Amino acid sequence: MAYRKVDQRFPVHSQDLDTEGLPVTSLELEWDMEKELEENEFEGFEPDDSRQHHLGNSTGNTDLDMEFVQPSASPRGRFERLEEECDYVAQARAAPKNQQSNFPTKAKLFAAGIIIFICGLLIGYYGRKGTSKDVLENNVTTPTPPASSAAAPDDSKILQDVLQAIEGDSIRNFSRDFTLFAAESGQGSSAAHIMEQWTASGLTEIRLVNYTVLLSLPATDQNKIILTNSSQCFYPSGQQCSALPSAPLGRKEKNDLLYSYAAYSAKGSLEAEIIDVQYGTIDDLLRLQSSTNVTKKIALIKLGQAPLLYKLTLLLEAGFGGALVYIDPCDLPPREKIGNETFWLSLNPGGDPSTPGYPSVGGSFREHRTNLTSLLVQPVAASLAKSLLSSTEEPNRNGCFHLTNSSRVRKTIRLEVGKISEYKTIQNVIGFLKGSINPDKYVIVGSHHGNKEEPWTSSTSIITEIIKAIMSQVHQRHWRPNRSILFCCWGGTTFGNIGSYEWAEEMEPVLQNNAVAYINLFKPVMGNGSLNTVASPSLRQFAMDVIKMRFSLNCTNQKRCPGRKVNSIQVEGNSDFFINHLGVPTVQFVYQGTSASMGPGFLSEALVVHDASAAEALDPFFNLHEIVAKLTAEMILHIANDPVLPFNVLDVALEVQEQLTDQILTLANALRETAQLFQSDEMRPANNPKERDPAHLRMLNDVLQHVEKNFLLKQAPPGYYRNILYRLEESSKQFSILKEALNHSRLQRSNQTLSTVLSEVMNCIRSAQVYLKTGLDVFENIQNTKQQTNV
């Protein structure tokens with residue numbers, strides 16, 4: 001069976017508003033034995049140069065056009081072929097029997113011997129022919145033995161060679177190249193250059209996928225804050241309106257314009273009193289509830305402690321009409337000075353706002369949703385917030401202040417917010433390395449790209465270096481992993497993970513069953529302090545083992561070793577859809593300065609102007625980049641190549657048990673007992689190659705792959721994960737969704753929300769226990785059937 005030659009030029013999938021009948025992308029592998037028998041050549045399978053993958057609409061093709069992801073069998077596949085050959089042999093055996101006549105007994109015996117001899121030759125000939133066909137089927141692009149028998153002994157050597165090939169100097173060269181290209185070519189062209197670099201690194205199956213989406217952009221004039229009592233006018237940076245020169249805007253002023261607004265905010269003007277709500281948490285609002293009328297007022301709110309989208313929902317519920325968002329300097333890590341700078345926020349929870357819940361493909365109905373909230377939202381510098389609060393507090397010994405409204409004087413302002421909405425094309429770069437044994441199972445690795453002002457080069461440089469190291473083994477050793485690997489570089493990340501959402505929404509029917517894991521490379525180096533690892537509970541133990549294994553050889557001083565603690569906390573990045581809609585296990589390695597840089601503080605929701613030299617300033621020799629690249633590559637190869645997925649269902653059960661109260665602890669205990677049985681009775685024998693049965697192995701991996709899907713809620717508060725296994729903060733010992741419902745009941749003075757959420761959480765736990773129990777029952781029935789058959 002041969003691989004049918006397909007057009008490797010991958011026409012770009014573009015969804016413009018005026019275009020009808022565009023093809024729908026999918027993941028497809030096509031096999032064609034007949035063509036192989038006719039052509040009998042392999043050189044035709046080399047794809048065209050990826051540099052020819054120009055932008056444009058895909059026309060004249062009604063087939064699914066991502067031919068490298070969805071597996072399909074030829075209409076005349078392997079099993080049908082073998083049946084035909086058996087029939088042929090059977091006919092050859094039967095023909096001489098019809099020719100028997102009344103010969104003497106010796107003649108009959110002699111003829112029977114001849115027939116047996118001929119049948120033996122035929123069986124040997126066609127059996128050998130079938131074997132050669134099997135070899136062709138299992139080696140589509142390279143004529144090597146099947147991976148299950150030939151590649152397995154070399155897997156550990158291949159892993160070591162891949163890790164050894166990853167070098168910090170090479171990552172730095174990629175980073176400088178991407179930075180230089182973005183600076184010279186401007187916004188919108190980085191995807192094509194990334195595609196060229198991946199092609200040069202050895203990856204042959206790559207394509208650009210385009211989506212036309214609705215973006216919220218700053219207006220021509222900057223937004224303004226005007227004090228009504230004095231008529232003083234300020235820009236979000238704190239600079240007075242009259243201070244700007246009348247000459248054309250320079251680079252700094254342009255950056256202020258781009259990075260001083262909230263995308264998808266409402267627009268308009270509001271004159272109202274400023275109310276200091278601190279962080280805008282439920283406790284903060286409860287303090288205001290009894291003493292202050294907040295209807296149509298403007299909240300002055302600090303970023304951090306909870307997702308901004310959630311806090312804005314609370315402000316709307318309380319009756320506010322607008323919000324000025326700032327960062328308290330005391331919440332920042334040392335050496336970070338963004339408290340007195342402007343920043344950009346996106347209020348988009350994910351995906352193209354004009355196609356909520358479905359992909360932005362040609363012919364889709366579009367809702368022109370220019371704003372995603374009725375609040376007027378404006379980010380401002382801390383210096384302006386201090387002025388508006390009339391704060392007189394002295395800085396502490398660290399040189400920062402906790403801003404509070406130390407003056408009883410009430411101030412009224414007029415907030416003017418403008419923006420424009422435009423449809424723009426964003427691009428994803430998708431590369432594919434087909435698996436040898438389970439090509440229909442996908443390990444997805446994601447980075448992102450953007451314009452020269454965004455901090456994207458670190459993640460894309462690391463994924464490019466990983467591609468180069470892995471593809472060198474593919475070409476040198478004719479090796480392929482067990483499962484397929486998808487390398488993705490997403491566009492539109494800063495506007496709300498638009499690229500990853502649209503692609504995943506389009507591919508959701510395939511990914512629901514075939515996505516095995518998502519490995520995130522979002523902002524891999526945010527500081528030069530400690531290593532922070534975020535992983536779903538089923539991957540947590542394995543991530544810890546990989547970190548321990550990598551650092552045990554080179555880390556003699558334990559005090560200076562990278563942190564080995566692995567958490568399951570909410571983070572930014574393109575893993576959002578895979579965690580919350582697909583229930584896919586994820587992992588991410590990030591170097592950071594302090595805990596305030598990522599995670600519980602939610603300060604990373606603010607996007608500041610990126611200095612192109614920031615990566616080299618944090619990591620001059622790119623040693624931290626190299627560590628993240630090696631840890632990521634090892635996770636990729638193990639998940640893609642291990643016969644048994646390195647997922648731990650017992651850790652999932654323990655995570656659930658740790659975050660529950662006595663009220664529903666009985667459910668958690670039942671889940672733990674079932675998980676322990678599954679871990680010991682099913683996973684342990686599967687890890688022994690002598691006891692491993694292919695059918696059993698496939699079903700076992702399916703259970704491991706899908707177990708986290710049971711923990712997805714139908715709905716969650718804005719900014720909260722639907723996957724209840726992830727927490728808002730590292731120190732929490734309770735499901736974040738339950739904690740929020742409990743606090744919200746105090747604000748609503750009703751227990752209805754708490755009861756509803758508690759029921760949903762209990763249903764998730766029960767569903768997971770039933771799911772694992774069903775898996776155990778299936779395996780037990782299979783074993784009993786085999787024993788009865790053997791008897």
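Guide: Gladly! Keep in mind that this is a predicted model. Let's start with helix α22, residues 736-748, which has 13 residues.

Visitor: How do you know that α22 reaches close to the expected span?

Guide: From its first C-alpha to its last, α22 reaches 18 Å, and 18 Å is expected at 1.5 Å a residue. Just after α22, R749 takes a positive phi of about 55°.

Visitor: Which residues touch the most other members of the largest nonpolar core?

Guide: They are W198, F487, M635 and I639, out of 103 residues in that core. Helix α18 (residues 623-641) gives the most to this core, with 10 residues. Leaving aside residues up to four places away in sequence, M635 touches I519, L539, F542, A543, V546, V587 and F589.

Visitor: Why is the pair F174 and F178 called stacked?

Guide: Planes under 30 degrees apart count as stacked. The planes of F174 and F178 are 20° apart, with 6.5 Å centre to centre, and the pair is stacked. The two are separated by about one helical turn, because they sit four residues apart in helix α6 (residues 168-185).

Visitor: And why is the pair W490 and F578 called tilted?

Guide: Stacked needs planes under 30 degrees apart and edge-to-face over 60, with the rest tilted. The planes of W490 and F578 are at 35°, so the pair is tilted; the ring centres are 6.4 Å apart. W490 lies in strand β13 and F578 in helix α16, so the pair ties together parts 88 residues apart in sequence.

Visitor: What makes W490 count as buried?

Guide: Buried means under 20% relative accessible area. W490 is at 0%, so W490 counts as buried. F578 is buried too, with a relative accessible area of 0%.

Definitions and conventions: Residues are numbered from 1 along each chain as its sequence is written. This is a predicted model: local features need pLDDT of at least 70, side-chain atom pairs count only at pLDDT 80 or more; totals for chains, interfaces and linings use all residues. Side-chain values use heavy atoms; hydrogens and water are left out. The expected span of a helix is 1.5 Å times one less than its number of residues. A nonpolar core is a set of buried Ala, Val, Leu, Ile, Met, Phe, Trp, Tyr and Cys residues joined through side-chain atoms within 4.5 Å. Buried means under 20% relative accessible area, exposed over 50%, partly exposed in between (1.4 Å probe, protein chains only). Contact means heavy atoms within 4.5 Å. Rings of Phe, Tyr and Trp (its six-membered ring) pair if their centres lie within 6.5 Å; planes under 30 degrees apart count as stacked, over 60 as edge-to-face and the rest as tilted.
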